[in-house]
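Please keep the sequence and the 3D view at hand while reading.

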Amino acid sequence: MTNGKTKILIVEDEKGLREGIKRLLELEGFQIELAERGTEGIQLGTTNEYDICILDLRLPDYDGIEVLRQIKLIFPNTVCIMATAFASYDTAIEATRLGAFSYIPKPFTPEELLYQIDKACQQRRLILESEKLKKEREERLLELAYEKGRLNTIIKSIADGLLVVNSKGEIVYFNNSCLKNLNINSLKIGEYILHKIPNQIVGMINQLEKDNDPNQSLINQIEIINNNGLYVEAACSPIPFQDGKYSGVVIVIRDITQYKKIEIIKSQFISMVAHELKTPIAAVIGYLKIILDENVNIPAEKEAEYLERSAIRLSGLVELVNDLLDLSRLEVKEKKREFKEIELVKLIKTTIEFLDLEIKKKNIQVEFSSEISEIKLNADSSEMNRVFTNILSNAIKYNREKGKIGINISIDENYFVVKVSDTGIGLKEEDKERLFQEFFRAKNEKTRGIQGTGLGLSIVKRIVESYAGKIEVESEFGKGSVFIIRLPVVN
Amino acid sequence: MPLIVIIDDDVDIVEASTLILQSRGFSVLSANNPNAGYQLIKEKNPDLVILDVMMDEPDDGFFLAQKLRREKNNVPILMYTSVSKTIGFEFGANDMVPVNDFVEKPISPDQLIEKVNLLLNK
């Protein structure tokens, strides 16, 4: 019926009747198959789906009711017509209960049969049509469920917490990140939650409800776990009804802990910078004020000394500003590097010559040795200069009078290794780790009076690491330090 | 002649402060770190302590002030600060910072003398 002719199965033990019906219906354009016995009928009727079956109620082997039952079990949409000469009320009821469509009493005229067949065809068409609609609806529902599920999965997976609360303060929706970002163990849809969420969020919800402005959103930063354990930004927006009235809020809760931590580090750094800048200024102003103050008696020989000290402190300040600028350039990588081939041995020797005056002042002996005569690096020469100037001037500054500085270059697998050793004051164990931090300066009786910005080594470390290199220090307090710089060999 | 102990890790600040105070007739002793300062206070029992915050020392100025108060030493303490304005922290005498008054660096001779006299005359 779906594709072409309507297929009809006739199960009838009486040969003449069987063949007669066949001929009649074939003339009407139906496709007919015949079965003589119940077994045969069940076999055919349960393997192919016929549009219509005409079943004799009394068959030699089976009851027609049984054949009906078996066929309907497999193909419930096959329209079955029961034919019988012994119509009884009971069998009619039983057949109808099992899904027979109609009843045709024997003997019947061709017109009677065709009338029944026509009605059965209509029934079959209706059944197929409604089946088709049902299937379409199911498919659409499935699609809808899939779509809903997909959206749900997406919302559940995002890192931002999502919480929807209705006007009664009950949860309408939430995702997993919402629990995480509010540090709540569990929530239930429909539960009243205003006592479970931070006061600041409740405040925003109340504000939005009061204002009833669909375009208004409120944002607040909230500390969920103290000491920057968890910091979130909660953005609340009202959800209007179709009539524009307030029906609830949707709250997006974003974890901004990392951002807050960076903010704190930044502000700590700024206050450290301010402190470092202000300290020498305070010293210079201190001296200038006492020189200018008539009530302060300064011994004549001291005045020149104070001016000299002021000049030294101001030079230190200039050095600090330069270091800060270098640090910020390294930080933002704003400065364009000029890569070129640098000869490392030559660079270090030039640096030693540059620092000759200070070396001679302290009567320091410099020993230079290298396993390799020529080392080529591809780097920015001003940066490399900075590295070795800082390291070598430290080796001079923190050395003793008539001390020694050893510079040794070797090659270790994929690194050029430059070791700079001194016979200076050395480092205490606890100072080693913090040595490369900004503004860290080892403080003890031996470092007092030695000028420094506390930025030199952190600049060195940043530069060395930006070339995928490493810097470390070995030291013994009171004896001296060895700074070991490794720079990768690039072919 | 009242004795004042100055504790500050900046040698120039110590030098300038010493000179201001000596010019007004005070006896001055100084130390460059909190530990040496603590020893000096124990030994000399001064009338006033001028103490720098010394934030970069492991045991800073706050720590020393707390330690003295814990030991029931109620010597007046005048604290030098340099960054209170920049970091937005309002210094005030409390349990955390048990000092009597503050002087913001850079110091001016008149202001320092005024605060010192006020604390000594209490």
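A:S410 is buried, with a relative accessible area of 12%; buried stands for under 20% relative accessible area, exposed for over 50%, and partly exposed for what lies in between, with a 1.4 Å probe and protein chains only. This is a predicted model, in which local features need pLDDT of at least 70 and side-chain atom pairs count only at pLDDT 80 or more, while totals for chains, interfaces and linings use all residues. Residues are numbered from 1 along each chain as its sequence is written, chains are lettered from A and ligands numbered from 1 in the order in which they are written, and side-chain values use heavy atoms, with hydrogens and water left out.

- A:S410 belongs to strand 14 (residues 404–412) of chain A; helices (H or I, at least four residues) and strands (E, at least two) are DSSP runs, numbered from the N terminus.
- Apart from neighbours within four places in sequence, A:S410 is in contact with A:E371, A:I372, A:Y415, A:F416 and A:V417, where contact means heavy atoms within 4.5 Å.
- A:D323 is found in helix 9 (residues 300–332) of chain A and is buried, its relative accessible area being 5%.
- The side chains of A:D323 and A:T453 are joined by a polar contact of 2.7 Å. A polar contact is a pair of N or O atoms within 3.5 Å; within protein, one must be able to donate a hydrogen and the other to accept it, and residues adjacent in sequence count only if both atoms are side-chain atoms.
- Neighbours within four places in sequence left aside, the contacts of A:D323 are A:R386, A:T453, A:L455, A:G456 and A:I459.

**Domains of chain A**

- Chain A is assigned domain 1 (7–133), domain 2 (158–255), domain 3 (260–331) and domain 4 (338–488); these bounds come from an automatic or database domain assignment.
- Between the C-alpha centres of domain 1 of chain A and domain 2 of chain A there are 65 Å.

**Helix 3 of chain A**

- The buried residues in helix 3 (residues 64–74) of chain A are A:G64, A:I65, A:V67, A:L68, A:I71 and A:K72.
- These residues lie on the same side of helix 3 of chain A because they cover an arc of only 160° around the axis; the arc is that of the directions from the helix axis to the C-beta atoms.
- Helix 2 (38–47), strand 3 (52–56), strand 4 (79–84) and helix 4 (89–97) of chain A pack against the buried residues of helix 3 of chain A.

**Cysteines**

- Over all chains, a search of the whole structure finds 0 disulfides, a disulfide being a pair of cysteine sulfur atoms within 2.5 Å.
- For A:C53, the closest cysteine sulfur is in A:C80, at 4.7 Å, which is too far for a bond.
- A:C53 is buried, at 0% relative accessibility, and A:C80 is buried with a relative accessible area of 0%.

**Chain B as a whole**

- Chain B has 5 helices and 5 strands, and its pattern along the sequence is β-α-β-α-β-α-β-α-β-α.
- Of the 122 residues in chain B, 57% are buried.
- Among contacts in chain B between residues at least 6 apart in sequence, 65% join residues at least 24 apart.

**Helix 3 of chain B**

- Within helix 3 (residues 61–70) of chain B, the residues B:G61, B:F62, B:L64, B:A65, B:L68 and B:R69 are buried.
- Their arc around the axis is only 165°, which puts them on the same side of helix 3 of chain B.
- The cover over the buried residues of helix 3 of chain B includes strand 1 (3–7), helix 2 (34–44), strand 3 (48–52) and strand 4 (77–81) of chain B.
- At the start of helix 3 of chain B, B:D60 places a side-chain oxygen within 3.2 Å of the backbone nitrogen of B:F62.
- After helix 3 of chain B comes B:K72, with a positive phi near 65°.

**B:D12 and chain A**

- B:D12 is part of helix 1 (residues 11–23) of chain B and is buried, with a relative accessible area of 2%.
- Its neighbours within four places in sequence aside, B:D12 is in contact with A:A283, A:Y287, A:R309 and A:R313.
- The side chains of B:D12 and A:R309 form a polar contact of 2.6 Å.
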